[in-house]
Amino acid sequence: MIVSARPVHFTTRLPELEAICEAMGLPRVEGGPGEAWQVFGGIGAGGAVAVHGVGADDPLAGTTFLGFEADDIDAVLAEMPRGDADGVQAEIVREDHGRALRVTAPDGLRFLVDSRPARDAVSVASPFRLEPSQMWFTPDVPGASGVLRALGATLLISSRDPAGWADTRMPGG
């Protein structure tokens, strides 16, 4: 099971974000120019960033959601601690874009782990591997860190105060 970071950013400025991603050398691996849903990066074992175009009156405009992709969401579900003892809820759901694993963490934060589509057909050379940095603000750092470790993240460093902060890295970027 390989899980990669793939935050989703909702924007009213889609052309500008497309241009930034292209200038950084990130290959477009889903969607096409001007389409409302596009994903950049995500070649091989690297992470990706999703860009979702929305209207100016959309309450999601300018927000970014924690998000992930996995090669096998059923395997991810099997590895997730769940239930009253862990405070984690996880279930396979059908979203507009297909099957996904919806995770509700002990602090109430919800996020999706989407199935990673096959991207072998994309033949674009990228000068680097994308490793998106996502931040999860929570009063329950140990609980959030536990959820990320269940997704396969490695704990890199943390504060001495367990309620402080933790830095993790996903195996797929």
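The model is predicted, so local features need pLDDT of at least 70 and side-chain atom pairs count only at pLDDT 80 or more, while totals for chains, interfaces and linings use all residues. Residues are numbered from 1 along each chain as its sequence is written, and side-chain values use heavy atoms, leaving out hydrogens and water.

Select F68, M80, L101, V103, F111, V113 and L151. Of the 24 residues in the largest nonpolar core, these touch the most other members. Such a core is a set of buried Ala, Val, Leu, Ile, Met, Phe, Trp, Tyr and Cys residues joined through side-chain atoms within 4.5 Å; buried means under 20% relative accessible area, exposed over 50%, partly exposed in between (1.4 Å probe, protein chains only). Helix 3 gives four residues, the largest share of this core.

Next, select F111, which is buried at 3% relative accessible area.

Finally, select L156, I157 and W165. They form a nonpolar surface patch with about 310 Å² of accessible area together (Shrake-Rupley method, 1.4 Å probe, only the protein chains shown as cover). Patch residues have over 30% relative accessible area and no salt bridge, with nonpolar side chains (Val, Leu, Ile, Met, Phe, Trp, Tyr) joined within 5 Å and like charges within 9 Å; a salt bridge is a side-chain nitrogen of Lys or Arg within 4 Å of a carboxyl oxygen of Asp or Glu. I157 is partly exposed, at 46%.

Terms used:
Helix = DSSP H or I, 4+ residues; strand = E, 2+ residues; numbered from the N terminus.
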